[in-house]
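Visitor: I'm new to this one, and I'd like to learn how to read it. Could you walk me through it feature by feature?

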Amino acid sequence: MAADLSGAAAPADPDGPDAVRMSWNSWPRSKVEASKCVVPIAASISPLRHSPSLVLLPYAPLRCKPPCSAALNPFARVDFAAKIWICPLCFSRNHFPPHYAAISESNVPGELYQQCSTVEYAPDAAASSTPPPVFLFVVDTCVLEEELEFVKSAMRRAIGLLPDHALVGLVTFGTQVHLYELGFSDLSKIYVFRGTKEISKDQILDQLGLSGKGMRPAVPAGVVQSNGLHHPSGSVNRFLLPASDCEYTLNSLLDELQTDQWPVEAGKRAVRCTGVALGVAAGLLGACIPGTGARIIALVGGPCTEGPGMIVSKDLSEPVRSHKDLDKDAAPHFHKAVKFYDNIAKQLVNQGHVLDLFASALDQVGIAEMKVVVERTGGLVVLAESFGHPVFKDSFKRIFEGGEQSLGLSFNGTLEINCSKDIKIQGIIGPCTSLEKKGALCADTVVGQGNTTSWKMCGLDRTTSLTVFFDIAPSERSSQPGHPNPNLYIQFITNYQNPEGQRRMRITTITRKWVDSSANTEELVEGFDQETAAVVLARYISLKMEMEEEFDATRWLDRSLIRLCSRFGDYRKDDPASFTFHSNFSIFPQFIFNLRRSQFVQVFNNSPDETAYFRMLLNRESIMNSVVMIQPSLLSYSFNSPPAPALLDVASIAADRILLLDAYFSVVIFHGMTIAQWRNMGYQNQPEHQAFALLLQAPHDDAEMIVGGRFPVPRLVVCDQHGSQARFLLAKLNPSATYNSAHEVAPGSDIIFTDDVSFQVFCEHLRRLAVQS
């Protein structure tokens, strides 16, 4: 088990054309054998990942008879003479409909091609009326003047980038909530809501004049009336206007917008009613445009101190809740706030709308409480220190940009999963909500959003990833030896509205093989994906840490790893030196070592908001990105060699090297002592030291590439050895040399002040425990 801590770059596209990765690519036949695998059997799927080879078919898919309802796919057996296809999932025989009459071995429809295991259907691509996307901005005005200026400039840029037909609305909040009627450009007309108590959706509609007997509360999707100011069905264009019509009005409102004018008493926090503001926004969208793609974009600059969703009192003597408070149940407002946001989540999911959260404050704003809404609606979340910080400014801009930079924001999605009969679905971890569609395929045990075969994703984009957990439940017939079908099949059906407003259906059908692992484990080992397995475990224990009190994640991980090594390692009993591991498991212990030390498991140094933020991103990112969150990658730049991956170890630090650490949430450029001295003396500006100038520039260019392709934009830290910000690098390195290690440290290298064990010591313990009889 060599200590390869390089975090080397992965091959071009490990996700393959289907964007599905599994912890195990060969599946054991029985429940008992599955439990011996230690790592859960799970699949990570990115339903909308961009693929250049994706085939678009201009008709509706052919479905198997209920209750199966799987779509025709390349794994179906086809009898061309009898015009029949046999579903690989349930073995039902289905007749081709009349419009498939011309089908033959030389004339096959697109969905039967072997390379089309993922296809997209656009049955009504020709339909002309597509509903416009809707962006309702909810802006916190209880911030410093300087912060509000940053918000205004970000908003102006966003409004300029929006498509002309996109509908836009504005809500601001501080002590009270202000909703602006944009269809009234002659003078600004504002509806004011008190921030002290929860307002029901009906009360909101009443106050806005959007309810009433016999009135139709909404215009039909995609229809915007140009004359309906007083007509009830013109409600949309009182509060939500096409960007092209209201750009001037909005910019004027932003010019006039001031920080919250209510005085803040000494020793008190500002009065901020975030919960009521989000309730008003959700109620307005529900009245005006239910069921069409809409996003509430909330820009929050501090904690909610009044009304529903409150996380701390106005009194500064009461600190904002910490992890310790939550563990001891000493956070008086926490459960009440979570319950309030849980109700808002249900309302938004019901309406098909998304909450995106941009939190920019030095203090906590309540992401831990709001997590339930953002995650269930598939919203985006960004946490920054200030609205002037590049992490906020660049991430906010990315939402509205088109072209290569576009996130491909899609709306109103549903995911349906069909699978072979011996498989049951436990649930999903990720940005979605269970639609509670129970059926024969639901497992008894639930992980995340379970008890269903169908999920709602109000918001999804090209990078959205979900983790599906499976259970093995063989029937009597299939568990007998010599079972005719060696393969299992799983089909993912994603319905969604693309950024242009068209409805699409993407269908991915995958196959894997059953193996009899009781006889030998070789085939199981061949199908193990250690990167996916590490991420699946990280997501699984993050969920357990939230759901189960007193759950000891470090101990659980250690025991799981020991069991895995005992089961799949090669060794002689009680001889640690004889232990060897198959290459498919070789870096798995290292992933677990880094996971134990990561911000997902060690929460003591982070606030509940930061922990919630890290976990939300871990749950929605691709496997490759999630691996970088768990185990950062390190590159080394020096005079005598090209940039190369370096060990994620304190021994990689040298006085004449520059290191580039990608820890996903931050990117660190670290200059060794000598390099920093030469730079401070200005050698890079002298023509004879051109090579030095190039060496200094190289990591900056590479860091720019990383930052440019990622959402949220990571924090860029540039630091020197022994400088105060060097901690961003040191915290992620393997402490092979510490203040109490006996061996000499190479000159120019560094030590880490920690009592943590190093990876080498970790592996020694692991070998000893794994081979115990």
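Guide: Let's start inside, with E120: its relative accessible area is 4%, so E120 is buried. Buried means under 20% relative accessible area, exposed over 50%, and partly exposed in between (1.4 Å probe, protein chains only). Keep in mind that this is a predicted model, where local features need pLDDT of at least 70, side-chain atom pairs count only at pLDDT 80 or more, and totals for chains, interfaces and linings use all residues. Residues are numbered from 1 along each chain as its sequence is written, and side-chain values use heavy atoms, with hydrogens and water left out.

Visitor: Which residue does E120 meet in a salt bridge?

Guide: First the general idea: side chains of opposite charge can pair when their charged atoms come close. A salt bridge here is a side-chain nitrogen of Lys or Arg within 4 Å of a carboxyl oxygen of Asp or Glu. The partner of E120 is R504, at 3.4 Å from N to O. R504 sits in strand 23 (residues 503-515) and E120 in strand 8 (residues 118-121), so this pair ties together parts that are 384 residues apart in sequence. Helices (H or I, at least four residues) and strands (E, at least two) are DSSP runs, numbered from the N terminus. R504 counts as buried too, at 15% relative accessibility.

Visitor: How many salt bridges are there by that rule?

Guide: The count comes to 32. Among them is the pair K397 and E401, whose closest N and O atoms are 3.8 Å apart; K397 is partly exposed, with 26% relative accessibility. Another one joins E548 and K544 at 3.0 Å, N to O. In that pair E548 is partly exposed at 37%, while K544 is buried at 15%. Salt bridges can also share partners, and D15, R21, R49, D529 and E531 are joined into one network that way.

Visitor: Where are cis peptide bonds found?

Guide: One runs from P66 to P67, with omega near 5°, and P67 is in the loop between strand 4 (55-57) and strand 5 (77-79). A cis bond also joins F711 and P712, with omega about -10°. P712 is in the loop between helix 18 (690-708) and strand 28 (715-720).

Visitor: And how do I read contacts?

Guide: Contact means heavy atoms within 4.5 Å. Take G301, in the loop between strand 14 (294-300) and helix 7. Setting aside neighbours within four places in sequence, G301 touches D140, V143, R272, S360, A361, V365 and F387. G301 is buried, at 18% relative accessible area.

Visitor: Is H582 buried, exposed or partly exposed?

Guide: H582 is partly exposed, because its relative accessibility is 29%. H582 lies in the loop between helix 13 (553-568) and helix 14 (588-597). Beyond neighbours within four places in sequence, H582 is in contact with V525 and E526. The C-alpha atoms of H582 and E526 are 8.7 Å apart, although 56 residues separate the two along the chain.
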